Amino acid sequence: MTEKEQSECKATAVALKGISFFGLIVFITIPTVLMVSKHYLLLENSLILLFVICGLFLGFRAWHLRFDAKLLEEVANKSFDLNDLDSVIFKLFGKKMGNKSLQERIISCQKLAKEFLLLLKIHLGFYVLLMVFLLFF
């Protein structure tokens, strides 16, 4: 691994860890919606259930980013090489990674982080709309 790849890997790992902490927003938004929505009809309850399911999906994505950050950090610290990384992922998830280079893996992690931030924006927008609806109507 070249020095440039190592520094890029470390930078991506730090960025992914930081972005994954935004997943804690889920632990704030879901309970507040559930506390406010105690006495509502079936339509509102189905919207709240959809919100909770989306929030849990978002929390899983945050965990996925954290896991990827840890793996990239280990690769950057030279504790793992790419073959070890592939074997760990295959043992844990049964997913074959193929012969992806480190650069392709970093790009896919960055794409995953962008998708997570988009989902987080949608989640927060849905949260604001749901809270306005529950509090004022």
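Buried, in this presentation, means under 20% relative accessible area, exposed means over 50%, and partly exposed is what lies in between, with a 1.4 Å probe and protein chains only. By that criterion E74 is buried, at a relative accessible area of 19%.

Let me state the basis of the work. The structure is a predicted model, in which local features need pLDDT of at least 70 and side-chain atom pairs count only at pLDDT 80 or more, while totals for chains, interfaces and linings use all residues. Residues are numbered from 1 along each chain as its sequence is written, and side-chain values use heavy atoms, with hydrogens and water left out.

I begin with the salt bridges. The term denotes a side-chain nitrogen of Lys or Arg within 4 Å of a carboxyl oxygen of Asp or Glu. By this rule there are four salt bridges, and I shall discuss some of them. Helices here are DSSP runs (H or I, at least four residues), numbered from the N terminus.

E73 and K17 are joined through their side chains in a salt bridge, at 2.6 Å from N to O. Because E73 lies in helix 3 and K17 in helix 1, this pair ties together parts that are 56 residues apart in sequence. E73 is partly exposed, with a relative accessible area of 23%; K17 is partly exposed as well, at 24%.

E74, with which I opened, is also in helix 3. Its side chain meets that of K70 in a salt bridge with an N to O distance of 3.5 Å. K70 and E74 are four residues apart in helix 3, about one turn of the helix. K70 is partly exposed, with a relative accessible area of 42%. Which residues does E74 touch, not counting those up to four places away in sequence? They are S79 and F80, where contact means heavy atoms within 4.5 Å.

A further salt bridge is formed by D86 with R105, the closest N and O atoms being 2.7 Å apart. This pair links distant parts of the chain, with D86 in helix 4 (residues 82-93) and R105 in helix 5, 19 residues apart. Are D86 and R105 buried or exposed? Both are buried.

I return to helix 1, which spans residues 3-20 and includes S20. S20 is buried, with a relative accessible area of 7%. The side chain of S20 reaches the backbone oxygen of K17 at 2.7 Å. This is a polar contact, that is, a pair of N or O atoms within 3.5 Å; within protein, one must be able to donate a hydrogen and the other to accept it, and residues adjacent in sequence count only if both atoms are side-chain atoms. Leaving aside neighbours within four places in sequence, S20 is in contact with A62, L65 and R66.

Another residue of helix 3 is D68, which is buried at a relative accessible area of 13%. D68 touches L16, C109 and L112, again not counting residues up to four places away in sequence. How far apart in space are D68 and I106, C-alpha to C-alpha? The distance is 9.5 Å, although 38 residues separate them in sequence.

Next, the aromatic residues. Rings of Phe, Tyr and Trp (its six-membered ring) pair if their centres lie within 6.5 Å; planes under 30 degrees apart count as stacked, over 60 as edge-to-face, and the rest as tilted. The whole structure contains four aromatic pairs. One of them, W63 with F67, is stacked, at 5.5 Å centre to centre and 20° between the planes. W63 and F67 are separated by about one helical turn because they are four residues apart in helix 3 (residues 42-76). W63 is partly exposed, with 41% relative accessibility.

Finally, the surface. V128, V132, F133, L135, F136 and F137 make a nonpolar patch of about 640 Å². Patches consist of residues with over 30% relative accessible area and no salt bridge; like charges are joined within 9 Å, and nonpolar side chains (Val, Leu, Ile, Met, Phe, Trp, Tyr) within 5 Å. Accessible areas come from the Shrake-Rupley method with a 1.4 Å probe, and for residues only the protein chains shown count as cover. V128 belongs to helix 5 (residues 102-136) and is partly exposed, at 48% relative accessibility.

Terms used: Helices (H or I, at least four residues) and strands (E, at least two) are DSSP runs, numbered from the N terminus.
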